[in-house]
Amino acid sequence: MATERGDILQGTLDMLVLKALQLEPMHGWGITERIEQWSESVLQLGQGTLYPALYRLERQGLIRSEWKVTENNRRARYYSMTREGRRHFGDELAHWRRMSHAVNLVLDASLKG
Amino acid sequence: MSPMTRLTAAWQWLRSIVRRNALERGLDDEMQFHLDQQTEKFIRAGMSPTDARRHAMLRFGGVARVSEETRDEIRPALLEDVVRDVRFGARLLWRTPGFALAALATLAIGIGATAAIFSVVRTVILEPLPYREPGRVVGIWETTRDGVTRNVIAPANFAEWRERSRTLEHLGMVGYDGLTAVIHGEPQKLRGLACSFDVFPALGVRPMLGRTFTYDEDYGGKAGVIVLSFEYWQTRIGARADVLGTPLATDRGPKTIVGVMPPGFTVAGQKADFFIPFAMTVAELRAYSGRGSSYAIARVRDGVTFEQAVTEMRTIFAQRVREAPELNARRTVVVIPLQEQMVGDVRPALLALMGAVGLVLLVACVNVASLLLARSAAREREFGMRTAFGARRARLVRQMLTESLVLATIGGLAGLVVATLCHRGLLALVGDRIPIPRLEQLRLDLPIVFFTMAVALATGVACGIVPAFVATQRPNETLRDAGRHGGSRRLHRVLRTLVIVEVALSLVLLAGAGLLMRSFIKLQNVDPGFRAGGVLTASVDLPSTRYDDAHGEVAFKEALTRIAALPGVISAAGASCQLVPYPCIGTSFWRVDRPKPGSGETPSSQVRPVTPGFFRTMGITEMAGRDFSDADTAGSVPVIVVSDQLVRQQFRGENPLGRRLRVGFEHVSGREDVEWTIVGVVSDVRSNLDGPMRQTIYVPRSQRPGTGMVLSVRTTQDPFVLSRRVTEIVRRIEPQAPVEILTLDTVVGDTIAQPRALSILVAVFAIVGLALAAIGVYGVMAYSVRERTQEIGVRMALGATQHSVARLIVGQALRLVLIGVAIGLGAAMLLARSLETLLYDVAPFDPWTFSGTAVLLLAIATVAAYVPARRGMQMAPTDALRVQ
């Protein structure tokens with residue numbers, strides 16, 4: 001629980017969720033698993049933040065959802081990216097790269113200084 | 001956001017509304033799925049199923065909170081929540097009709113009364129006058145340095161102001177005037193204004209038809225034209241456009257109608273049927289000795305401030321004092337914005353009313369708040385649970401606020417109905433009796449509807465916010481407390497505070513009403529110096545085209561003789577004007593046997609020309625000497641009767657009979673320098689009930705005649721019975737004379753109509769406030785008894801008597817009421833000072849009023865607390881214990 005909200009920069013959560021959905025549609029639990037796995041267990045998403053984020057993204061039209069049956073024969077809501085979502089993700093990613101690069105430059109500079 | 005995105009968003013939003021229910025149900029399934037997956041994962045990792053489940057739950061962090069927060073993300077949530085809250089609130093109201101009715105009635109009265117009084121304040125005080133740049137229009141008056149604040153001006157001064165002022169333009173005079181017009185053979189009395197031609201451009205108002213006067217028609221001295229008001233033109237002339245240029249037959253000869261003013265036009269709120277020019281040349285104005293009966297209106301020039309205009313006028317007046325000390329000594333000039341001139345007198349009363357309704361609204365607010373709070377006690381458990389399960393507090397507060405807003409909105413709509421009724425009551429109460437400018441324009445229009453609804457919403461928030469926060473605070477404590485007894489301790493504390501506030505507010509209201517009432521009763525019981533009961537008055541104007549003064553006197557004498565012969569008539573007499581509130585003539589005078597006092601030192605007196613028998617008819621005591629008689633004629637020695645006040649001030653113990661006075665008005669012979677011999681002394685008459693006694697001189701009508709007279713008839717029966725016969729007698733003598741019949745009681749009553757209406761209105765508001773406060777105390781005590789049922793049961797089982805239980809509950813209530821009374825008394829003392837200008841012969845800190853209201857409030861609160869206390873003590877202990 002400690003790695004909830006506070007550790008994820010505001011706004012980056014949406015990006016992480018979109019990134020997780022880039023390859024294939026997934027259900028909510030799957031998304032938390034995928035992010036945990038990719039981040040080598042550093043980022044453990046609290047559900048308290050995930051589901052509001054999912055509903056928010058859906059409202060913004062960046063993702064959509066549909067009910068499907070899982071391999072284990074259970075009903076689950078699968079989220080997938082919309083075209084708008086892909087475009088938005090591309091923009092955000094470019095922005096993020098620029099920003100993190102800039103931040104790193106500053107931090108490195110101060111180290112050398 | 002691109003337009004496309006926005007469209008998509010809108011579409012998603014619409015879709016999500018449609019899919020809302022499916023989505024909600026889906027959310028629960030989704031959460032469940034998530035938990036299951038997590039549990040399975042933990043089991044795979046080697047946990048026992050129970051541990052796995054527990055860990056999964058922990059990891060998830062409160063299903064209710066997550067779903068609550070997720071729901072908040074769904075765009076229409078807010079809107080839908082509102083709709084749901086509104087529906088929920090309405091349903092709650094529907095299920096508790098007693099509560100709903102009490103709260104709605106309370107709100108409707110509070111909001112409605114506020115809206116009604118505010119609309120009056122707006123119409124009368126706040127709205128700009130219907131003139132061009134109304135802020136620049138000023139009224140100009142003269143004043144003596146003692147006493148009267150605004151007095152009429154001297155035409156000679158006016159002529160100089162008009163010439164010398166550089167800061168003012170369009171200086172014109174305005175004065176009352178009356179005409180008798182004969183239309184279709186019927187004599188009609190018209191009330192109008194004499195206006196300089198400048199008055200219309202000063203106000204910036206153009207006539208609807210035709211034109212107003214020209215310079216030549218006014219200062220040229222030809223009095224031949226007349227301008228009609230729209231209302232007169234419409235009701236009496238039949239709204240014919242072809243009247244322009246035609247003559248109107250009047251008692252002062254034919255007047256050519258040159259124009260009709262637009263609807264609703266007044267000069268500074270004075271209603272007028274017509275406007276005629278003064279028709280005096282500048283030379284005539286300069287030669288005019290003394291003061292007429294007019295004031296002046298002017299417009300402050302562009303680029304000049306009001307203060308500059310005042311300074312300039314003061315300077316000019318100072319010159320005038322040097323130039324004409326006889327006329328102007330001890331006087332100065334008053335320049336006043338026209339709006340202030342119109343509403344200055346009624347403002348304190350209206351503001352007092354506004355304050356009173358404001359207090360009623362506050363009491364109503366507190367009342368509804370405590371009702372809501374007591375009711376919310378029953379729901380504290382519900383709220384506590386919901387909070388414990390993750391519902392956010394903001395959400396609960398929102399729900400409660402929505403409920404009180406629903407209540408207030410319905411209350412506001414009902415308030416509009418109340419406001420309409422209030423308007424009707426107000427107009428009926430005020431009627432034509434109180435000259436409140438512009439009141440006839442009172443209306444319930446869109447801005448007032450907006451105002452009302454805004455007040456309603458503010459009220460809703462105000463009375464919902466406290467219960468909303470109190471009821472949703474710290475659920476843990478709530479749950480714990482709730483286990484023991486109904487409402488939490490904090491809730492009881494707030495309820496008690498509300499009772500105190502309510503009592504304090506209604507005490508302020510009651511004390512204010514008490515002061516006004518007492519003042520009015522004192523005013524009504526002032527001995528006016530005459531007996532108004534049983535007297536009928538008939539104002540008669542003979543057409544001056546066909547009657548000179550001497551003929552007039554003959555006709556009036558004839559009429560009085562015939563009236564005196566009617567059955568039931570004790571006596572009949574005439575005077576040049578009504579006994580109240582204005583004198584017929586105001587003049588200066590001095591004793592012949594003393595040197596003439598210097599300018600500005602001469603005493604002044606009101607003068608009433610009367611016929612023999614006037615004192616007897618009016619019930620004025622003759623103290624010394626004799627009444628006038630038929631032997632006092634135009635040719636006999638000029639005689640006067642003076643009032644006791646005059647004797648006391650001018651003769652101080654000397655015998656006034658046989659002494660002679662010089663006065664500033666003309667004898668019937670046209671001479672002003674005659675000496676008048678005092679032949680009698682009569683008791684004082686108050687022409688203003690709340691004003692000082694004035695020195696009065698009575699002269700015989702025969703020596704100061706006129707073509708108008710007020711005939712007064714003292715009868716043994718209801719005076720109105722005679723009105724038809726009196727009118728017939730006058731008509732038989734002169735068919736073209738208009739007759740206006742009033743009882744003297746009405747004439748006197750009209751002079752105190754404003755304090756009467758004010759005290760009645762404030763008393764009504766105070767009674768409403770008191771009733772609301774009583775309901776509030778009752779409600780809170782009833783709730784408290786219900787809450788303490790168990791405690792009472794225990795006490796009674798342990799041997800407490802019914803009596804001691806009742807004493808306990810009433811005592812508890814009285815403690816609160818006493819605190820409220822103490823606070824209220826303090827607040828009332830602070831506020832009473834603002835009523836000072838409205839009070840007659842009552843100090844703002846009148847101990848009788850204050851202690852009386854405190855006792856009244858305590859008595860009513862005791863009753864309000866005793867009713868639920870009785871219910872408490874009549875419970876059988878076993879029933880009381882079983883309640884839980």
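Mentor: Chain A holds 4 helices and 3 strands, and this is a predicted model, so please read every value that follows as computed from it. Along the sequence, the elements of chain A are arranged as α-β-α-α-β-β-α. Of its 113 residues, 28% count as buried, and among the contacts between residues at least 6 apart in sequence, 49% join residues at least 24 apart.

The 3 strands of chain A form an open sheet in the order E1-E3-E2, with antiparallel pairing. Its edge strands are E1 (26-27) and E2 (63-69), each of which pairs on one side only. As a general point, strands of a sheet pair through backbone hydrogen bonds, either parallel or antiparallel. In chain A, E2(A) and strand E3 (residues 75-81) are joined antiparallel by 7 bridges, and one place to look for this pairing is A:Trp67, which stands opposite A:Arg77 in E3(A).

Turning to chain B, strand E9 (residues 294-300) is mostly covered, since 7 of its 7 residues are buried. Both of its faces are covered, with B:Ser294, B:Ala296, B:Ala298 and B:Val300 on one side and B:Tyr295, B:Ile297 and B:Arg299 on the other. Strand E1 (residues 137-144) of chain B runs antiparallel to E9(B) and is joined to it by 4 bridges, with B:Gly139 standing opposite B:Ile297. Strand E2 (residues 168-183) of chain B also pairs with E9(B) in the antiparallel sense, over 6 bridges, and there B:Met173 has B:Ala296 as its bridge partner.

Further along chain B, strand E17(B) has one covered face, made by B:Leu661 and B:Val663, and one uncovered face, made by B:Arg660 and B:Arg662. Strand E13 (residues 585-591) of chain B pairs antiparallel with E17(B) over 3 bridges, where B:Trp590 stands opposite B:Arg662. E17(B) also pairs antiparallel with strand E18 (residues 676-682) of chain B, over 2 bridges, and the partner of B:Arg660 in E18(B) is B:Thr677.

The loop that leads from helix H22 (644-650) to strand E17 (660-663) of chain B contains B:Asn655. B:Asn655 is exposed because it has 12 other C-beta atoms within 10 Å, and the limit for that class is 12 or fewer. The C-alpha atom of B:Asn655 is 9.8 Å from that of B:Ala624, although the two residues are 31 apart along the chain.

The crossing of H19(B) and H27(B) is right-handed. The residues in the contact of these helices divide into 18 nonpolar, 2 polar and 2 charged; on the H19(B) side they include B:Arg496, B:Val499, B:Glu502 and B:Leu507, and on the H27(B) side they include B:Leu816, B:Gly820, B:Gly824 and B:Leu831.

Notes. Residues numbered from 1 in each chain as written. Chains lettered and ligands numbered in written order. Predicted model: local features only at pLDDT ≥ 70, side-chain atom pairs only at ≥ 80, totals over all residues. Buried ≥ 20, exposed ≤ 12 C-beta atoms within 10 Å, placed from the backbone. Pairing = 2+ DSSP bridges. Contact = placed C-beta atoms within 7 Å. Left-handed = near helix turned anticlockwise from the far one by under 90°. Nonpolar A, V, L, I, M, F, W, Y, C, P; charged D, E, K, R; others polar.
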